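Thanks for coming. I have one model to walk through today, and I will keep to its geometry.

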Amino acid sequence: MSSIYDMFNIGKLGIMAQQNAMQVTAHNIANVYTEGYSRQEVVFTETTPVGGVGTGVDISEIRRKHDNFVERQITDGKESYGNYFALNSAYTKIEGLFYNSQGNGIDIQLNEYFKSWQDLSANPSGTAERITVISKADILADSINNAHANMIQLQKDMNNEISQTVNEINDIASQIAVLNEKISQIEAGGQNANDYRDMRGKLLNDLAEKIDIQFYEDNTGQITVMAGGVATLVDNNSSWDLEVESNPDNSGYYNIMYSPDGSTSLDLTDRISGGQINGLLTIRDSVTVDVIDKLDRFAASLANEMNQLHRSGYALDGSTGLNFFTPAFEAGDSVSSPALSSNAGTGNVGVVIADPSQLTFQNYEVTFSGGNYTITNTSADTVVTGAYTDPDTVTFEGLTFTISGNHADGDTFNVSAHKDAAKNLQVAIDDNDFDMIAAASGTDGIAGDNRNALSIAQLQDQLSIDGTSSFGTYYGTIVGEIGVSSQSSGNFLDIQKYSLDQLSNIRESVSGVSLDEEMTNLIKYQSAYDASAKLISIADELLQTLIGLVK
């Protein structure tokens with residue numbers, strides 16, 4: 001049978017339970033604006049009855065209100081968001097470098113340059129017109145130099161951000177490993193680790209925003225996290241760092257490496273498919289490389305076409321064969337042809353210009369296999385191949401390839417006649433040597449001969465690049481592609497942000513803290529607390545009455 005003492009115990013359990021419930025409610029209220037916090041809910045349960053009579057209340061669980069499916073969708077969405085955020089930020093910078101807001105873009109300066117040649121053709125011996133030609137050419141060359149330098153600097157900035165992001169990834173992974181251990185220890189003791197699970201969930205989202213991850217939880221509550229599909233970053237209470245390593249075949253920029261045992265390294269650079277770091281890699285190794293290559297082609301084509309015409313003309317003193325721009329792109333000039341650092345052979349491939357009029361200013365690759373060489377125009381997919389004999393000389397699309405030495409299967413050489421043309425473009429005629437401008441096409445009546453100046457002015461509208469584009473059209477295509485890509489990345493970012501906002505709203509409906517609900521709970525628990533205290537008071541009065549009767 002129950003007794004007055006049982007009432008004391010029931011009241012005590014009630015006070016303790018309601019006090020804990022108010023503490024949980026206070027914890028919810030305090031974290032109403034904490035990112036990643038999941039509302040906690042007290043689950044009351046009856047204590048074991050004795051003889052069919054209840055013995056009070058206990059708290060069986062402090063439940064964490066969350067939806068695993070929604071949480072995982074948010075984590076997956078963070079990968080795409082981080083990727084598009086990095087892409088859009090970089091595209092915005094690139095667009096700012098090329099967008100003509102002051103009327104002084106390269107396209108405007110290109111028009112001004114050719115206009116100066118048109119003006120010179122009207123007065124081929126005019127000093128003012130000749131000085132203007134050199135001045136406009138200098139301005140155009142400087143702008144192209146600056147555009148190239150800005151793109152190189154952006155590559156360096158992306159490279160530095162990659163290194164910083166790797167450090168952030170390592171820091172987050174180590175924190176997750178620590179939380180793994182805490183969660184396992186606490187839950188093994190029969191307690192809840194709700195707050196630690198919230199912290200870990202937020203860190204997972206932060207990590208996913210940096211790099212694509214896969215993760216799963218074992219029966220001890222600990223998670224294993226992998227990146228790039230193959231690299232284990234976290235397993236139970238252990239974590240492994242990613243590292244950066246300079247790649248000599250990519251201007252010394254960083255590759256992302258994974259070395260779990262400290263000796264064997266795995267290159268993750270091409271395996272990463274999401275997160276901020278994927279966006280940074282895409283900008284550094286693809287977008288900027290493509291823009292720089294097109295700038296170099298633009299500058300090289302301009303210099304080559306100009307120089308061929310200018311060399312054929314005559315200056316006021318009758319001299320001829322003069323270049324207007326450097327690089328000159330004359331027959332015999334050397335061309336960039338570096339070997340890959342992974343080449344096993346000791347051979348060499350030297351390349352020089354054979355015929356400037358045949359140059360495509362596209363990229364080439366020389367490879368070796370089974371005693372044969374293959375020269376491939378990687379843009380047009382044109383190929384020349386043959387059995388290799390040391391030495392061997394091949395002329396292909398305006399270039400002469402001299403192959404010598406021992407080459408192993410798989411050895412590769414990258415060839416570019418236009419590499420760094422935008423960086424190195426300069427006017428070859430000094431400001432004071434304006435008489436050396438070759439406006440004439442012959443030696444008779446040089447002072448009044450404007451035929452070469454007219455031919456150069458007409459270059460503006462000729463399809464000098466790939467036989468399909470004028471200089472202005474080609475440059476416009478570069479700027480247009482940047483604009484389209486920038487707009488596209490911005491649209492994808494907006495879509496991803498909207499998707500995450502919707503998921504956050506769904507999460508909030510499940511896990512979010514409602515101040516109105518918590519205040520209602522607080523009043524409810526306080527009333528129950530007061531009632532339990534009143535029960536103890538009544539039990540005490542009953543006991544005192546009973547003691548008085550005994551006396």
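First, conventions. This is a predicted model, so local features are given only at pLDDT of at least 70 and side-chain atom pairs count only at pLDDT 80 or more, while totals for chains, interfaces and linings use all residues. Residues are numbered from 1 along each chain as its sequence is written, and side-chain values use heavy atoms, with hydrogens and water left out. Helices (H or I, at least four residues) and strands (E, at least two) are DSSP runs numbered from the N terminus. Strands count as paired if DSSP finds at least two bridges between them.

Start with the four-stranded sheet. It is open, ordered β3-β4-β5-β6, with antiparallel pairing. β3 and β6 are the edge strands, each with a single partner, so one side of each has no neighbour in the sheet. Five bridges hold β3 against β4, residues 223-227, in the antiparallel sense. Axes here are lines fitted to C-alpha atoms, for helices over the stretch in contact, and angles run from 0 to 180 degrees between N-to-C directions.

The three-stranded sheet is also open and antiparallel, in the order β7-β8-β9. Its edges are β7 (242-246) and β9 (266-267); each has a single partner strand, so one side of each is left without a neighbour in the sheet. β8, residues 254-258, pairs with β9 over two bridges, and M257 is bridged to D267 in β9. Helix α4 packs on this sheet, touching β7 and β8, and its direction makes about 155° with that of β7.

β13 (363-369) and β14 (372-377) run antiparallel and are joined by six bridges. E365 has T376 in β14 as its bridge partner. Two residues sit between these strands, and G370 in this hairpin has a positive phi near 60°. β14 then pairs with β15 (382-387), antiparallel, again through six bridges, with I375 bridged to V384 in β15.

Now the backbone exceptions. As background, most residues other than glycine have a negative phi, and most peptide bonds are trans. N236, which is not a glycine, has a positive phi of about 55°; N236 sits in the loop between β5 (231-235) and β6 (238-239). There are also cis peptide bonds to report. From T326 to P327 the bond is cis with omega near 0°, and P327 lies in the loop between β10 (325-326) and β11 (334-335). D390 and P391 are joined by another cis bond, with omega about -10°; P391 is in the loop between β15 and β16 (392-396).

On aromatics, the structure holds 18 pairs. Rings of Phe, Tyr and Trp (its six-membered ring) pair if their centres lie within 6.5 Å; planes under 30 degrees apart are stacked, over 60 edge-to-face, and the rest tilted. Y84 and F492 are a stacked pair, 5.2 Å centre to centre with 15° between the planes. This pair links helix α2 to helix α9, across 408 residues of chain.

Last, pockets. On a 1 Å grid over the protein atoms alone, a pocket is an open set of points where a 1.4 Å probe fits, with protein on both sides within 12 Å along at least five of seven lines; lining residues have an atom within 4 Å of a point. Grid points are joined across faces, edges and corners, and a volume is the space filled by probe spheres set on the points.

The largest pocket holds about 1,200 Å³. It is lined by 38 residues, and D249, N250, S251, V289 and K419 are the closest to its centre. α6 gives the largest share of this lining, 10 residues.

The second largest pocket holds about 800 Å³. Of its 33 lining residues, E71, G201, K202, N205 and R507 are closest to the centre. α5 gives the most to this lining, eight residues.

Key:
Contact means heavy atoms within 4.5 Å.
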